[in-house]
Amino acid sequence: MNTHTHPDPALSEKLAALSLAPGAPKSPSARRRGGRVLLGLSCVALVAGGVALLPALVGEKFDDVPADPVGSAASRDAQGAPEPQAPIAGAIAPMPAPASIVTGSGHVIALEQASVHARRGGTIVALHADIGTVVEAGQTLLRLDDPETSFALQAAELAEGRARLTLAASTIDRDEADALADRMKLLAGRGAATAQAAIDAELAAKRAAIAVDQGAQALAEAELSVRRARQGVSELTITAPIAGVVTARSVRLGETILAQIDTRGEAPLFTIVDSKRLAIDVDIAETAIAAMRPGLRGEAVLDGYPDRPFAVEVTRIAPVASSERGTVSVRLSPLTPPHGIRPAMAARVSLTTDTTAAVATIAQGH
């Protein structure tokens, strides 16, 4: 009998024990049992062989697969970076960036303020306003007395009267000269007067008309002088140019003051501020300018009233920045100012900005 070696010694012994000697009779039942045994052993051998061949087959199958399934850095560099994925339709958009707070400090300012000076010098004979006085536009603040100005008005009025009388006399002379010229022309036509007499009368009438014109011009100049003198007298009464509150006064009753042209930079007589038109100028960091825009709202608080915050709105952004401080001036309009707010008060402001809008503004290059 031929023997076959098998990797498994125990299996080889079982196969040898089940072998039949040549020439031995085989009964049908034995042949059936032997066939079943051989069939079963064949199946076992096939399974065992397949198990033995499985590592070789698996090794050949995965020889082409890289050892690192994720891929090393060198392989990724060789193959190139993966292309970005296109956004999936219906995907949830990312949440917008949260709002940020921009703070700044500044002062309350008056949008309308007037400094009152005297156009003419004189002595203060009446004082009608003091610091804190609420005045209306055109209201009298003080009165001055200047004799020279008053005398100038009187002289101008007298000159006007003389010019008016001269014009009246010239007008009478012209009317008489016109009448004489007409009569001499008529007589010359009848032969009762010479032609030269008629010509002389006509020339006299023309000279009288010129005198009337000169008198009219003299009267106009006199009237102008009177108006100028009256203007000087009216300037001795100083009135408020705007409505508001008197915040400063530098004169006293009975004091003699100089005209504005002679003051050489001295303090004004009065300072009037319109307390109903106020704003807040604050300085913010230059790095926050991209988030600023007119209409942006926030909250302000005055150092004088720290428990009374109120709403404010950006109305104007300065066109230039401060290179020394690295800040930008922003003007705010108080929407609900507290009672008692005054110019020059210190204020602290907090503005809520949208960082998403700021990023969009930077991207658009505005």
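Visitor: In what order do the 4 strands of the open sheet stand?

Guide: The order is β2-β9-β7-β4, and the pairing is antiparallel. Strands here are DSSP runs of E with at least two residues, helices are runs of H or I with at least four, and both are numbered from the N terminus. Two strands pair if DSSP finds at least two bridges between them. This is a predicted model, in which local features need pLDDT of at least 70 and side-chain atom pairs count only at pLDDT 80 or more, while totals for chains, interfaces and linings use all residues. Residues are numbered from 1 along each chain as its sequence is written, and side-chain values use heavy atoms, with hydrogens and water left out.

Visitor: Which strands stand at the edges?

Guide: β2 (113-116) and β4 (134-135) each have a single partner strand, so one side of each lacks a neighbour in the sheet. For β2, 4 bridges in the antiparallel sense link it with β9 (residues 270-273). Within β9, Thr271 is the residue opposite Ser115.

Visitor: Which strands pair with β3?

Guide: Strand β3 (residues 122-127) runs antiparallel to β8 (residues 256-257), with 2 bridges between them. Thr123 has Thr256 as its bridge partner in β8. Strand β5 (residues 140-145) also pairs with β3 in the antiparallel sense, over 4 bridges. There, Arg143 of β5 stands opposite Ala126.

Visitor: How many helices and strands does the protein have?

Guide: The secondary structure comes to 6 helices and 14 strands.

Visitor: How does the span of helix α5 agree with its 40 residues?

Guide: The expected span of a helix is 1.5 Å times one less than its number of residues. For α5 (residues 195-234) that should be 58 Å, and the end C-alpha atoms are 59 Å apart, which agrees.

Visitor: Which residues of α5 are buried?

Guide: Buried means under 20% relative accessible area, exposed means over 50%, and partly exposed lies in between (1.4 Å probe, protein chains only). The buried residues of α5 include Ala201, Ala205, Leu219, Ala222 and Val226. Helix α4 is among what covers the buried residues of α5.

Visitor: What does Glu160 touch?

Guide: Contact means heavy atoms within 4.5 Å. Not counting residues up to four places away in sequence, Glu160 touches Leu219, Ala222, Glu223 and Val226. Glu160 is found in α4 (residues 147-190). It counts as buried because its relative accessible area is 15%.

Visitor: Is Ala181 buried or exposed?

Guide: Ala181 counts as buried, at 10% relative accessibility. This residue is also in helix α4. Leaving out residues up to four places away in sequence, Ala181 touches Ala201, Glu202 and Ala205. From Ala181 to Ala197 there are 16 residues in sequence and 8.9 Å in space, C-alpha to C-alpha.

Visitor: Where is Thr327 found?

Guide: Thr327 is found in strand β13 (residues 327-334). With a relative accessibility of 14%, Thr327 counts as buried. Its contacts, apart from neighbours within four places in sequence, are Asp283, Ile284, Glu286, Ala321 and Ser322.

Visitor: What do the totals for the protein come to?

Guide: Of its 366 residues, 25% count as buried. Among contacts between residues at least 6 apart in sequence, 76% join residues at least 24 apart. The protein exposes about 24,700 Å², of which carbon and sulfur atoms supply 58%. Such areas come from the Shrake-Rupley method with a 1.4 Å probe, and for residues only the protein chains shown count as cover.
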